[in-house]
Amino acid sequence: MVKDMSIQADLQKIRKEKLAPCYLILGTEKYLQDQVRAEILKKVQINSQDDLNFLSFDMENASIDEVVAEAETLPFFGEQRLVFVENPYFLTAEKINNGIEQDTQLLVNYLKEPLESTVLVFFAAYEKLDERKKLTKQLKKTAHTIQVQPLNEKEVRQYLLNTLENAPITMERKAIDLFLRLTDLDLTKMMGELDKLLLYGQQKELITVREVEQLVPKTLEHNLFDMTHYILSGQTEQALRLYEDLVTQGEETIKINAILVSQIRLFLQTKFLMNIGYQQANIAETLKIHPYRVKLAMQEVRKFNEKILRQLFDDLVEMDYQIKSGKIEKELSFQLFVLRTGELLRK
């Protein structure tokens, strides 16, 4: 089952069924964590931080004794008591410097027979837990686990499409592709930027590439990905115009050059690994980077031979040395590099 479908099923269960005495919210995707958090608060009808039936503990500063004491307390003038446990580092192999000594056995004992009137929720924003620990084993046995790990490209795209089905706007296919790239497949960032598009959709229902370019901000890395594309495809004028825009915005040539070196290095590594038969997933694992970055790199490097990429990499490294040693003026140096590359590609 696709993960975003699974989280929707979990949220629906929270809305419609009786809450379990214990939940483990496991994973690092903040947007999904916040969705689960909001639904549980709504279900228990907690309206404010000072509600007598709600307590939240940051375990980097609180003790398990306090958590268990509150979990064992009956609700005040209500049906349920809600206890949130944030940063439960003791479920992982992580160590906290000068941290509180935690009596994990106390929590193990509670989890064996949790109070029905208390909803105890562990927000474990980690990729994985230490499965060897007695507490982890007991928690997984007792708690209803909700996975909120980051989604892959296919799942993020599907999440966006599902959201758009119930939205007053439609997006062109190319606009969706650009929107996903500019939000880095980050669900939290994507949903935040989507709010802008929904607001804009009150005036114009169809969102095109133009609207995405106007409304979704580009990072320096996004701009330099575009610049790399312009340089490699011989679009000299566009590359120089983008460079001048970035300098006007206060970006340093040395920083621009460093990111371009990193980008061309990625292209070279991707090209080499593709040539020996590696697929997208293998390349991502080998280079320790997000598969989506690899996908974009693979789309670009298919158009170029390795010799050209090596030449550009060497030119950028040499230019970096010349600028840092004061042998050449930095802006002129970069402009000459773009022009020389354009000539090289036209041969």
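**Exercise 1.** Is Glu 153 buried or exposed, and what is its relative accessible area? Identify also the residue whose side chain meets that of Glu 153 in a salt bridge.

*Solution.* The model examined here is a predicted one.
Step 1. The relative accessible area of Glu 153 is 14%. Since buried means under 20%, Glu 153 is buried.
Step 2. The salt-bridge partner of Glu 153 is Arg 157, with an N to O distance of 3.6 Å.

**Exercise 2.** Determine how Glu 193 and Lys 196 are placed along their helix, and classify the accessibility of each.

*Solution.* 
Step 1. The two side chains form a salt bridge of 3.0 Å, N to O.
Step 2. Glu 193 and Lys 196 lie three residues apart in helix H8 (residues 187-200), which means that about one helical turn separates them.
Step 3. Glu 193 has a relative accessible area of 12% and is buried, whereas Lys 196, at 35% relative accessibility, is partly exposed.

**Exercise 3.** Locate the two partners of the salt bridge between Glu 252 and Lys 330.

*Solution.* 
Step 1. The closest N and O atoms of Glu 252 and Lys 330 are 2.9 Å apart.
Step 2. This pair connects distant parts of the chain, 78 residues apart: Glu 252 is in the loop between helix H11 (236-248) and helix H12 (253-275), and Lys 330 is in helix H16 (residues 330-346).
Step 3. Glu 252 is partly exposed at 42% relative accessibility; Lys 330 is also partly exposed, at 29%.

**Exercise 4.** State how many salt bridges the structure holds, and name the residues linked in a network of them.

*Solution.* 
Step 1. The structure holds 20 salt bridges.
Step 2. Lys 30, Asp 34, Arg 37 and Glu 86 are linked in a network of such bridges.
Step 3. In general, side chains of opposite charge can pair when their charged atoms come close.

**Exercise 5.** Explain why the buried residues of helix H5 lie on the same side of the helix.

*Solution.* 
Step 1. The buried residues of H5 (residues 134-142) are Leu 135, Thr 136, Gln 138 and Leu 139.
Step 2. They lie on the same side of H5 because their arc around the axis is only 165°.
Step 3. Lys 134, Lys 137 and Lys 141 are exposed on the other side of H5.
Step 4. The cover over the buried residues of H5 includes strand E1 (22-26), helix H4 (104-112) and strand E4 (118-124).

Terms used: Residues are numbered from 1 along each chain as its sequence is written. This is a predicted model: local features need pLDDT of at least 70, side-chain atom pairs count only at pLDDT 80 or more; totals for chains, interfaces and linings use all residues. Side-chain values use heavy atoms; hydrogens and water are left out. Buried means under 20% relative accessible area, exposed over 50%, partly exposed in between (1.4 Å probe, protein chains only). Helices (H or I, at least four residues) and strands (E, at least two) are DSSP runs, numbered from the N terminus. The arc is that of the directions from the helix axis to the C-beta atoms. Contact means heavy atoms within 4.5 Å. A salt bridge is a side-chain nitrogen of Lys or Arg within 4 Å of a carboxyl oxygen of Asp or Glu.
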